[in-house]
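Please look over the sequence and the model below. The report that follows covers the fold, one hairpin, the aromatic residues and the charged contacts.

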Amino acid sequence: TRELGQNSGPADRVLDGDLKTYWHSIWSNGQYHDLPHELIIDAQKEHTFTQFALVQREGSNYVKAGKFLISSDKEHWETVGSFSLKQESGSQVFGIIPTKGRYFKVLITESYSGTNSALAEVYAYGLK
């Protein structure tokens with residue numbers, strides 16, 4: 001993994017509440033890895049997820065489309081919804097099939113910029 005600067009790169013940046021930081025898809029030697037890209041987030045305990053929201057990286061609206069998946073064990077995943085992001089700032093909210101699980105995956109299948117992906121924040125909404 002190559003960090004692109006102090007505010008960019010690592011996956012944990014999508015959970016830090018700071019819209020100026022961001023996660024960026026892994027790349028090396030100037031070459032981006034092929035899609036799909038995925039972020040797996042551990043909610044620490046089971047919840048019934050009902051919505052997810054994504055925030056594009058400021059000034060680099062790369063992510064175009066993908067799917068949301070939920071799991072209780074990180075081995076068996078259920079696809080619960082999909083997303084199509086606009087090339088704009090701000091939170092974009094997507095409803096899903098309400099599903100109980102501990103982990104959720106943001107699976108990015110399409111990019112507006114070749115095989116490049118970046119997100120500023122990921123939000124999960126649901127019930128305990």
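## Overall make-up

The protein has 9 strands and 0 helices. This is a predicted model. Read from the N terminus, the order of elements is β-β-β-β-β-β-β-β-β.

Of the 128 residues, 42% are buried. Among contacts with a separation of 6 or more, 73% are between residues 24 or more positions apart. The accessible surface is about 7000 Å², and carbon and sulfur atoms account for 45% of this surface.

## The E6-E7 hairpin

Strand E6, residues 63-71, pairs with strand E7, residues 78-84, in the antiparallel sense, with 6 bridges. Lys 67 has Ser 82 in E7 as its bridge partner. The hairpin has 6 residues between the two strands, and Lys 74 adopts a positive phi near 65° there.

## Aromatic residues

There are 7 aromatic pairs in the structure. In one of them, the ring centres of Phe 68 and Phe 83 are 5.0 Å apart and the planes make an angle of 45°, so the pair is tilted. Phe 68 belongs to strand E6 and Phe 83 to strand E7, so this pair ties together parts 15 residues apart in sequence. Both Phe 68 and Phe 83 are buried.

Phe 68 and Phe 83 are also members of one aromatic cluster, together with Phe 49, Phe 52, Phe 94 and Phe 104.

## Charges over rings

The charged end of Arg 57 sits over the ring of Tyr 22, at 3.8 Å from the ring centre. Lys 105 lies over the face of Trp 77, 4.5 Å from the centre of the ring.

## Salt bridges

The structure contains 4 salt bridges. One of them joins the side chains of Asp 12 and Arg 13, with an N to O distance of 3.7 Å. Arg 13 has a relative accessibility of 19%, which counts as buried, because the cut-off for buried is under 20%.

Lys 105 also forms a salt bridge with Glu 38, where the closest N and O atoms are 3.5 Å apart. This pair links distant parts of the chain, as Lys 105 is in strand E8 (residues 91-111) and Glu 38 is in strand E5 (residues 37-56), 67 residues apart. Lys 105 counts as buried at 11% relative accessibility, whereas Glu 38 is partly exposed at 42%. Asp 42 and Arg 102 form another salt bridge, with their closest N and O atoms 2.7 Å apart. Asp 42 lies in strand E5 and Arg 102 in strand E8, so the pair ties together parts 60 residues apart in sequence. Asp 42 is partly exposed, with a relative accessible area of 30%, and Arg 102 is partly exposed at 26%.

Methods
Residues are numbered from 1 along each chain as its sequence is written. This is a predicted model: local features need pLDDT of at least 70, side-chain atom pairs count only at pLDDT 80 or more; totals for chains, interfaces and linings use all residues. Side-chain values use heavy atoms; hydrogens and water are left out. Two strands pair if DSSP finds at least two bridges between them. Helices (H or I, at least four residues) and strands (E, at least two) are DSSP runs, numbered from the N terminus. Buried means under 20% relative accessible area, exposed over 50%, partly exposed in between (1.4 Å probe, protein chains only). Contact means heavy atoms within 4.5 Å. Accessible areas come from the Shrake-Rupley method with a 1.4 Å probe; for residues, only the protein chains shown count as cover. Rings of Phe, Tyr and Trp (its six-membered ring) pair if their centres lie within 6.5 Å; planes under 30 degrees apart count as stacked, over 60 as edge-to-face and the rest as tilted. A charge sits over a ring if NZ of Lys or CZ of Arg is within 6 Å of the ring centre and within 35 degrees of the ring normal.
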